[in-house]
Amino acid sequence: MKINVNGKAEETAPCSLLDFIHQKGLSPEGIVVEHNHNIVKRKTWQDIQLQENDNLELLSFVGGG
């Protein structure tokens, strides 16, 4: 199925948001996720099943001085 991730189309198999984040090799502790224009809490990621044409924004924090 097709979804949009940070403005780019991607293909993925049906899965939960948490599974998708793991597939991308991202650390859940270091990102914030917007799913279809709503910020979602980390504890709900396993419950969200990605659907065709979903929009995700994956934002990571970068420390610095």
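Select Asn53 to begin. Asn53 sits in the loop between β4 and β5. Helices (H or I, at least four residues) and strands (E, at least two) are DSSP runs, numbered from the N terminus. Phi of Asn53 is near 70 degrees, a positive value in a residue other than glycine. Most residues other than glycine have a negative phi.

A note before moving on. This is a predicted model, in which local features need pLDDT of at least 70, side-chain atom pairs count only at pLDDT 80 or more, and totals for chains, interfaces and linings use all residues. Residues are numbered from 1 along each chain as its sequence is written, and side-chain values use heavy atoms, with hydrogens and water left out.

**Stop 1: His37**

Now pick His37, in the loop between β3 and β4 (38–40). Its phi, too, is positive in a residue other than glycine, near 70 degrees. Is His37 buried or exposed? His37 is exposed, at a relative accessible area of 62%. Buried means under 20% relative accessible area, exposed over 50%, and partly exposed in between (1.4 Å probe, protein chains only).

**Stop 2: the whole chain**

Zoom out and colour by secondary structure. The chain has one helix and five strands. Along the sequence they follow the pattern β-β-α-β-β-β. The C-alpha trace spans about 40 × 25 × 20 Å along its principal axes. For 65 residues, a compact globule would have a radius of gyration near 11 Å; the chain has 12 Å, which agrees. That radius is taken over C-alpha atoms, and the globule rule is 2.2 Å times the number of residues to the power 0.38.

The chain exposes about 4,300 Å², and carbon and sulfur atoms supply 51% of it. Accessible areas come from the Shrake-Rupley method with a 1.4 Å probe; for residues, only the protein chains shown count as cover. Buried residues make up 29% of the 65 in the chain.

**Stop 3: the sheet**

What is the order of the five strands in the open sheet? The order is β2-β1-β5-β3-β4, with mixed pairing. Two strands pair if DSSP finds at least two bridges between them. Look at the edges: β2 (8–11) and β4 each have a single partner strand, so one side of each is left without a neighbour in the sheet. From one strand to the next, the twist averages 35 degrees. Axes are lines fitted to C-alpha atoms, for helices over the stretch in contact, and angles run from 0 to 180 degrees between N-to-C directions.

Next, select β1 and β5. They run parallel and are joined by two bridges. Val5 has Leu56 as its bridge partner in β5. β3 and β5 pair in the antiparallel sense, over five bridges. Here Ile31 has Ser60 as its bridge partner in β5.

**Stop 4: Val32**

Stay in strand β3 and select Val32. At 24% relative accessibility, Val32 counts as partly exposed. Leaving out residues up to four places away in sequence, Val32 touches Ile39, Glu57, Leu58, Leu59 and Phe61. Contact means heavy atoms within 4.5 Å. Draw a distance from Val32 to Asp54: they are 16 Å apart, C-alpha to C-alpha, and 22 residues apart in sequence.

**Stop 5: the core**

Now select the largest nonpolar core, which has 14 residues. A nonpolar core is a set of buried Ala, Val, Leu, Ile, Met, Phe, Trp, Tyr and Cys residues joined through side-chain atoms within 4.5 Å. Leu17, Phe20, Val33, Trp45, Leu50 and Leu56 touch the most other members. Elements giving two or more residues to this core are β1 (2–5), α1 (17–23), β3 (31–35) and β5 (55–60). Which element gives the most? α1 does, with three residues.

Centre on Leu56. Not counting residues up to four places away in sequence, Leu56 touches Ile3, Asn4, Val5, Asn6, Leu17, Phe20, Val33, Glu34, His35 and Leu50.

**Last stop: Thr12**

Finish in the loop between β2 and α1, at Thr12. Thr12 is buried, with a relative accessible area of 9%. Beyond residues up to four places away in sequence, Thr12 touches Met1, Ile3, Phe20 and Gln23.
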